[in-house]
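Keep the sequence at hand while reading.

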Amino acid sequence: MIAKNRAFPGGYRFKHFQGRPQDKLIKAAIPAMVTIPLMQGFGDEVAAVVGADDKVAAGQTIGRDDESISSPVHSSVNGKVVNIGKIDYLGNETTAITIESDGTEGWQSLEGCSAAWDNLSIEQIEKLVYLSGASGAGRDGIPTGFNSSIISPDEVENVIIHGVESEMFAVSSGLLLKDDNLSHFAEGTKILRKMLPHAAFSIALNSECKSLITDVSGALADNDWCDVRGLEPRYPADYDEVLVSAVLGREFPVGHLAANIGVIVLDIQAVLAVYDAVVAGKAVIERTIALAGPGFKENLHISARVGSPVQHIIDGMVKQDADLRFLRNSCLTGEALSDLSMPADRTCGAIIAVVEGNNREMFAFVRPGPRKDSYSRTFLSLLFGSEKITKLCETNLRGEERPCISCNYCVEVCPVSLMPHLLFRHVEREIIDEKLLKYGIYDCIECNLCTYVCPSKITLGQWIKDGKAKLIDEGLPCPQPKFALKGLEEDEDAK
Amino acid sequence: MKVIRSLLDKLYEVPGLQRYKPIIGAADAILYGTNETTHAAPHVVDNIDIKRYMSFVILALLPAVAASVYFFGFRVIAIIMVSYMAGGAVEVIFAMVGKHDIHEGFLITGLIFPLVLPPTCPLWVVAIGVVFGTMFGKEMFGGTGRNIFNPALVGRLFITIAFPAIMSANWQQPFDYSLETDATTVATPLGKYKSTAMAGEVNPTVVEFKEDEANKQVLFTSAAAVEKCTLNPESKFDGVKIYCVGNGAYKKAAKHKRIEESNLTRLFSYGDLLVGKEPGSMGETCRIVIILGGIFLMFAKVSNWRIPVSYLGTVFVLALVGHRFLPQDIAPPVFQIFAGGLMFGAMFMATDPITSPFTKAGKYCFGVSCGVLTVLIRSFTGYVEGVMFSIVIMNAFTPLIDQIVLMFKYRPAKT
């Protein structure tokens, strides 16, 4: 069943950027060493269940905590634990297990998996999904009987599976659903439905990939609990906040999670991981990662073991002569990877290499700019943008910071209808009071699109974030939504 | 090129020149752009910056400048240069004292200001006006982005009040490049309409000539009005001076047998108004390029369509209704749209994002109010032109309009 699209206000299409990954998948070599952080994604840190010098197999659980909201983590290689210690990972101090690999490819499968999954009981499936770590996907996780999400399986009303590719660079949904994976995806969706029998499923894909939408809806044809729809790949269409209102027409609980209103948002890789766990007994030890951006010799996808150092994944793929900045997952919201020995965990979907634009350009502001992207229509890229003439992607600011001139670009692109420049003016002048609440500061989903389009180069997104932090300091936290929320008690128990 | 680069780099180091850093920095930024990079997410940003944003306004104004030079001679260039130099000096001084970068907003003020002056304006008046406008219209409020009034209009308003003789009567006839101002000045179309309409009847249905009325004159604003009057057998046109607005009325009147050609005058044609062959401020006369420039800016997303459309629409509707009932005071709608500074003001001055409301509803409110004020000032005051006053007045109301719109937009939900 193909459902109709709903629109959201604002947003921006990142079209034809240089370095978009092609639909080509290669396999990375088994790394000599992996580092597995014990906190990956949204959950709490789990406790290590192995000790130093233990021999481990790929797929073996090495960290698990059934009490707190979390999913187990696994060794992604066969080898020996060499160290368990704290690392500085993405700005948090996290315990991580370092494993020396013996270089073999094999992995240990989970007990109880079955290709005839229909014969398994719900409890058996839940156990497989939980033990494989697949339940730790997204921001909400997949609810099981093992505290893998803040809500229980019965409370799930909707599941949204998305592959809209609205980011400047994203893993190609077409590649993920190629060949056998299409039927795996369909099976995975059916498994999820068996686990969450009260939930309606919505699959949101890039509306421009018509054939993919037809294929997916064909593979799930005679299931009335599932609809497939195309969404315009307008950033930030892949955000939970936007999906909940665009796909379901429901109001998002500001300041909370989609799970709080009984909605679970997953990506395509999460569904494939569910299939792998239940049918093949394979834990989440591999990720498909897009190597995007102009810094790579070739832009493609690479399948790498979880916990591989970034350096290992991109080894030999990077252009040597360029000054590059490596980003994790997103150009707009992702962290810069300053230390390439850090691992890529199971939440990593893309490694982006952009050129450091620290060179000056003669008369930059009057150039016609056939390859310069802009929300305004002041560059020739408007006429030339195509797969052949791609748009440049580098970190140059392109101008000096200037006072706000109320050009309203930020208002026009805001996907949640805020007035970012108005919030900025208040925070800048230290006016931290109810006014900010009134202007909806907590509705901000921090997509950073306002900062992207600002001609005055004001970091609006950061100002709004600071404003929220200051408001909380002042004792004005985000007001509770008027409707009932789920999963709050569990949340407090966990604390 | 490398010579300039190394020269600039050296200039930064010279200790005596530290005070002039804004000037060096501005030259550097214009020549070479920035080498700054983003330091946090988003790591890649849009290519537009304020320099390009502002230069697009200048780009859209260039055809109007060229038309101005074509119609009024090279003196226009001299006036623009004086404006840039005098105003630029103010901007630089404030940047040096305030120790901030030179802001690009001045590039627009420095060009718009001369374009709204009469072509005969003495250069020293240009300098005084632009200095006043930049200083009291912008810098006193804290510079670009904080000003309440459009600085170009503040300058223009100041010299209108300070030098009324220069600003009200001296209108150079296009193509008359001589500088003997006394001999060549004429009234603008709006002025002509006002004086003619006041002196006689407008669109009468019957014209009667009486002996005691020696200088009887009538004004027809449309071909339909001419027809209505001439079809009336009681109309007598002997010795009556007849003025016509536009070619349609003129041709209709000329065809009529009872009207002698020596008594018939065409005030102006709409074609001349559109092309710019009628007297007026330097940049406002060639309406066709102003319209094109304005549409270009809206397409480039540099200006917003809401203010010009609501502004022009309001003037049109008010004039349409008003002219029917008060033809003596209110000029016909199409004429109002194309006469005076309305097109220029609506396209390039009312749309200034800093001094106009940022809310959508506010923009409509601003445009409609400007339209109402323009028609009122043009029709019922001693001034023939009302665009400048109406925009300045509405500039003052901009913060209030925005506050009211925000109040409604974010009012607490009824419980």
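This is a predicted model: local features need pLDDT of at least 70, side-chain atom pairs count only at pLDDT 80 or more; totals for chains, interfaces and linings use all residues.

Which helices of chain B each supply at least two residues of the lining of the largest cavity? They are α3 (50-72), α5 (105-115), α7 (151-162) and α17 (342-349) of chain B.

Rolling a probe the size of a water molecule over the atoms shows where empty space is left. Here the count comes to nine cavities of 30 Å³ or more. The largest cavity has a volume of about 310 Å³. It is lined by 23 residues, and those closest to its centre are M54(B), I108(B), F348(B), D352(B) and P353(B). Among the helices, α5(B) gives the most to this lining, with four residues. The lining of the largest cavity consists of 14 nonpolar, seven polar and two charged residues. Two domains of chain B take part: domain 2 (51-183) and domain 4 (303-409) each provide at least three residues of the lining of the largest cavity.

The second largest cavity has a volume of about 150 Å³. Its lining has 19 residues, and the closest to its centre are A364(A), F365(A), R398(A), G399(A) and G33(B). The elements that give two or more residues to this lining are α2 (21-32) and α3 of chain B. In the lining of the second largest cavity, five residues are nonpolar, six are polar and eight are charged.

Next come the pockets. The second largest pocket has a volume of about 860 Å³. Of the 35 residues that line it, C404(A), R425(A), R429(A), G145(B) and R146(B) lie nearest its centre. One helix from each chain, α10 (420-428) of chain A and α19 (387-409) of chain B, supplies at least two residues of the lining of this pocket. The lining of the second largest pocket divides into 13 nonpolar, 13 polar and nine charged residues.

Now turn to chain A. Its division gives domain 1 (25-280) and domain 2 (400-495). The C-alpha centres of these two domains of chain A lie 30 Å apart. In the contact between them, domain 1 of chain A takes part with 20 residues and domain 2 of chain A with 19 residues.

Chain A also holds an open sheet of four strands in the order β11-β10-β9-β12, with parallel pairing. β11 (226-231) and β12 (263-267) of chain A each have a single partner strand, so one side of each is left without a neighbour in the sheet. From one strand to the next, the twist averages 20°. Strand β10 (residues 200-206) of chain A is joined to β11(A) by six bridges, and A204(A) stands opposite R229(A) in β11(A). Helix α3 (residues 180-195) of chain A lies across β9 (158-163), β10 and β12 of chain A, at about 150° to β10(A). Helix α6 (residues 268-280) of chain A touches β9, β10 and β12 of chain A as well, and its direction makes about 90° with that of β12(A).

A further open sheet in chain A has five strands in the order β1-β14-β13-β16-β15, and the pairing is mixed. Its edge strands, β1 (25-27) and β15 (324-328) of chain A, each pair on one side only. Neighbouring strands of this sheet are turned by 30° against each other on average, direction ignored. Within it, β13 (residues 286-292) of chain A and β16 (residues 350-355) of chain A run parallel and are joined by three bridges. A290(A) stands opposite A350(A) in β16(A).

Conventions: Residues are numbered from 1 along each chain as its sequence is written. Chains are lettered from A and ligands numbered from 1 in the order in which they are written. Side-chain values use heavy atoms; hydrogens and water are left out. Two strands pair if DSSP finds at least two bridges between them. Axes are lines fitted to C-alpha atoms, for helices over the stretch in contact, and angles run from 0 to 180 degrees between N-to-C directions. On a 1 Å grid over the protein atoms alone, a cavity is a set of points where a 1.4 Å probe fits but cannot get out, and a pocket is an open set with protein on both sides within 12 Å along at least five of seven lines; lining residues have an atom within 4 Å of a point. Grid points are joined across faces, edges and corners, and a volume is the space filled by probe spheres set on the points. Ala, Val, Leu, Ile, Met, Phe, Trp, Tyr, Cys and Pro count as nonpolar, Asp, Glu, Lys and Arg as charged, and the others, Gly among them, as polar. Domain bounds come from an automatic or database domain assignment. Contact means heavy atoms within 4.5 Å.
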